[in-house]
Amino acid sequence: VSTAPAAVLPGDGRARGGGAFYAACIVALLCCTAALAWQTVRLRKALDNDFSGADPRALPALLSAPLPSAAGRTVRLGDLLQSKALIFVFTPGDCAACLPEMEDLERIQAMRPDIRVVGLMAHTNADEARQTATNFGISFPVLVDADGRLLAALRIPKTPWKMVIDTRQGRIYFQDPPSLTALERQAFVDRITRLGRE
Amino acid sequence: MTLFQRSLALWLAIFVGWAGIASPQEARIGLTAVRQSLLLKTSGRVCQVHALSVGQLAVRDFDLAKEAAQALEIYGLDGRLKKKIGRFGRGPGHYYRLRDIDVSTQGDLWAADVDMRLTRFSVQGAVRETRLVQRPGFPVHDLALDEARGVYFLAGCDGEKMESAAGCETLHRYDLKGNYQRSFLPLDLKTRPLSTAAFEVFSMDLDRSGRVFMVDGPLPVLWRIEPTTGAVLRFAVKSKVFVPPPAIPLAQITKEWLSKTVSTFSRLEQVEVVAPYVVVSIRKPTSEVTHLAVFDTAGRQLAVDLPAPGPLVGSTAAGNLLFARKTPKGFEILEQKIVRAGARK
């Protein structure tokens, strides 16, 4: 019986220790990736809950419904619009916070005459709509969705809401929730002024 | 003079000095019960109570977490619900965030809505008038009617200044027809360490001479505004139970963050003027435990952290405070009077 010790290859122990280290790293990386994915899903879900966006399926109803205007007439939104339109959906109660956005819309109207800006004021009547338009110096046409039925049909999650639509194909180019900061507002203006020129 | 006489004189001087200098009122201010009634209301909240001239109570029930359930209710002398006035919504005659109510001398109810709307209801529930608060426009937190001088005040948070570290507090005066008269701003730039816009809740009340006393939830300050001169005076609210909310940018506030932190801070909730006192209630949004800071109308703090039987919900014309306490049967409305127990004549 040989009593000679088994040959030990140099670096063997280190190699076995290194393997455990690499395995631990991989497990940690997998855990991190899983946690990140889970967080992303949660964040997406939270965002979806807040800003799920308007439903384009209700656009034909919006365009064809006869609506009272702040000017005192009854008009169809579709009759007012060109191929591209920016619909600004708001209520009289939004206007303290959305006053800067209102100014942006006036600027957009001047910069892009091919994009018609129209306001859709919900949960109000024609008198209040006219008063609001006067108080905030709104020059674009404002239509009234008195009981908020169109707002509900479009599934607009919050107001003020902005959507740029293709009136012929009834699709939404893009839409934005309320802009809270100057940066968000500028991003919206930049985006709309680039539309169709890229 | 012997050593004994000197010691005696010293002790006497110390005693007289202590008796004269120490605030005697602070320990003497207390509450005493006047009467109590039971509202047979087993759900919702009682945030504000106004005694109506016909012996009924107008109750404001407001809960941001259950906004569709908020209501303006009239209860009879028997404590039963007589009528609900208006309803949740954003249109004329509705209320979206019913922050405050006030009662006119004719008995009409004015409802101040964060949604920049003032609505005047009759006690029978008819919408007499609805006004948009747009020139200038801001979310309204509180309303104070001063019919004797033909004006009303609206306090709130200017939406355009919400992110400003200088604060968003807004106080405007209007005539009774709704025409804007003037603003009382800036209130106080020194007071505000950082933007606490997410927690701003304004409350105000008027004294007999038409001066406005106002607080803002996250700031330990009582403001007194003189409408005739526009002067704004600031009095510190000293309290050990007041824990202000953290200053955090609006964009970083999420529902999750709020739910974790809301139980950690308190705020100045309500101010009531019951001459000659001005009472400020301090409460955590998640707790019914309420403490009071009592001032005189000159701004001297007379009592610190006086325990109250429940949230302060209003005051009566007789100068008593109204507290609401939830019980299994309903809400007890406790009418209590401020007394100076053993006050020296």
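A polar contact is a pair of N or O atoms within 3.5 Å, of which, within protein, one must be able to donate a hydrogen and the other to accept it. The legends below concern a predicted model.

**View 1. Polar contacts between chain B and chain A.** Seven residue pairs in polar contact, both members at pLDDT 80 or more, are found across the interface of chain B and chain A. On the side of chain B that touches chain A, strand 11 (127-132) and helix 3 (255-261) of chain B are the elements that give two or more residues. The residues of this side comprise seven charged, five nonpolar and four polar.

**View 2. Extent of the interface of chain B and chain A.** Chain A contributes 20 residues to the contact and chain B contributes 16 residues. About 1400 Å² is buried between chain B and chain A, with carbon and sulfur atoms giving 52% of this area.

**View 3. Salt bridges between chain B and chain A.** Two salt bridges are found across the interface of chain B and chain A. One of them joins R117(B) to E128(A); the closest N and O atoms of R117(B) and E128(A) are 2.6 Å apart.

**View 4. An open sheet in chain B.** Four strands of chain B, in the order 16-17-18-19, form an open sheet with antiparallel pairing. Strand 16 (202-206) and strand 19 (232-236) of chain B each have a single partner strand, so one side of each is left without a neighbour in the sheet. From one strand to the next, the twist averages 20°.

**View 5. Pairing of strand 18 with strand 19 in chain B.** Strand 18 (residues 221-225) and strand 19 of chain B run antiparallel and are joined by five bridges. Opposite I225(B) stands V232(B), in strand 19 of chain B.

Conventions. Residues numbered from 1 in each chain as written. Chains lettered and ligands numbered in written order. Predicted model: local features only at pLDDT ≥ 70, side-chain atom pairs only at ≥ 80, totals over all residues. Heavy atoms only, no water. Contact = heavy atoms within 4.5 Å. Buried area = accessible area lost by both parts, 1.4 Å probe. Salt bridge = Lys/Arg side-chain N within 4 Å of Asp/Glu carboxyl O. Polar contact = N/O pair within 3.5 Å; in protein donor to acceptor, adjacent residues only side chain to side chain. Nonpolar A, V, L, I, M, F, W, Y, C, P; charged D, E, K, R; others polar. Pairing = 2+ DSSP bridges. Axes fitted to C-alpha atoms, helices over the stretch in contact; angles between N-to-C directions.
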